[in-house]
Each structure stands twice: as structure tokens, then as C-alpha cells.
Amino acid sequence: MLITKTAKQTDIPHEPGEWLKLRRLSWRELDEAKEAQVGKVMKKISALGADLVTAIQSATTVPHQDQAKAYDRGTVLRAGIIGWSYDADVTPENIDALDPETADWAFDEILALSSPESDGDKKNA
């Protein structure tokens, strides 16, 4: 399926009357979010020492429930939020200024929308 700029407007559950317009991320955008997260983690790890780096490199995979930790939150939010009901324009700076609860919620919504199991990929039986 070709990813387009088709979006989904979703009410923010903890902010009555407010909404975000979210879009599905492409494989390239998801890869960029993973690479950004790996870069941040490796920078922190290198500061802790070589033994820790070796231990982490020997780890195999991230468990399914921790997949969201594999993506950089800022990269996902900046690529996935394309509109909102707030008075400010949607800019990278304003996306970075979202409160933590809204950012966490939007991050989860964008990843769910971008997953292969999302409603957009299911075919009617």
C-alpha cells in the first residue's frame, strides 16, 4: 500500500474539545525514528563504558510490548502530527512543546496507525 497524506482526526481523550490530525508513517519515517532512537541510546551507553556496550550488543530482540521504545518520540510526533485544534500553528517547535500526556498519547496513536495490523490494512472477509 502506498502511504499518502491521508489523515485521521482524533479527539484527545484527556482534553475535551481538542483534537489532533494524525497520519500514518511510511517505512522510511519509521526507520528514521528507529535510527534516531538508537543514536540516542548508543550515546548514553558509550558514556557508561565498554562492558555495558558489549552486553547490550549481545541482546537479541526487543520484546513486542517494548517496540514503542525502539522509536524516537520527537521524530514520530513531528512526522505524524499534521493538524490540531490548538490556536498555534503545527511546527516542530510547537510539537516539542506539547505536554507529556498529550505527547505520549499521540505517539501511541501514530504508532498504532502505522502498524501493519491497523484498520487500514485489514481487508473485509
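The buried residues of helix H5 pack against strand E1 (7-11), strand E2 (19-23), helix H1, helix H3 and strand E3 (81-84), where contact means heavy atoms within 4.5 Å, and buried means under 20% relative accessible area with a 1.4 Å probe and protein chains only. Before I go on, this is a predicted model, in which local features need pLDDT of at least 70 and side-chain atom pairs count only at pLDDT 80 or more, while totals for chains, interfaces and linings use all residues. Residues are numbered from 1 along each chain as its sequence is written, and side-chain values use heavy atoms, with hydrogens and water left out. Helices (H or I, at least four residues) and strands (E, at least two) are DSSP runs, numbered from the N terminus.

The buried set in H5, which covers residues 100-114, includes Trp-105, Ala-106, Phe-107 and Ile-110.

Turning to strand E3, Ile-81 is found there and is buried, with a relative accessible area of 3%. Leaving aside neighbours within four places in sequence, Ile-81 is in contact with residues including Leu-20, Leu-22, Ala-106 and Ile-110, and its C-alpha atom is separated by 9.9 Å from that of Gln-9, 72 residues away along the chain.

Finally, helix H1 (residues 27-48) and helix H3 (residues 73-80) pack at an angle of about 155°, with their axes 8 Å apart, the axes being lines fitted to C-alpha atoms over the stretch in contact, and angles running from 0 to 180 degrees between N-to-C directions. That makes H1 roughly antiparallel to H3, a term for angles over 145 degrees. Here Glu-29, Glu-32, Ala-33 and Ala-36 in H1 meet Thr-75, Val-76 and Ala-79 in H3.

Methods. Angles under 35 degrees count as roughly parallel, over 145 as roughly antiparallel, 65 to 115 as roughly perpendicular and the rest as oblique. The expected span of a helix is 1.5 Å times one less than its number of residues. Buried means under 20% relative accessible area, exposed over 50%, partly exposed in between (1.4 Å probe, protein chains only).
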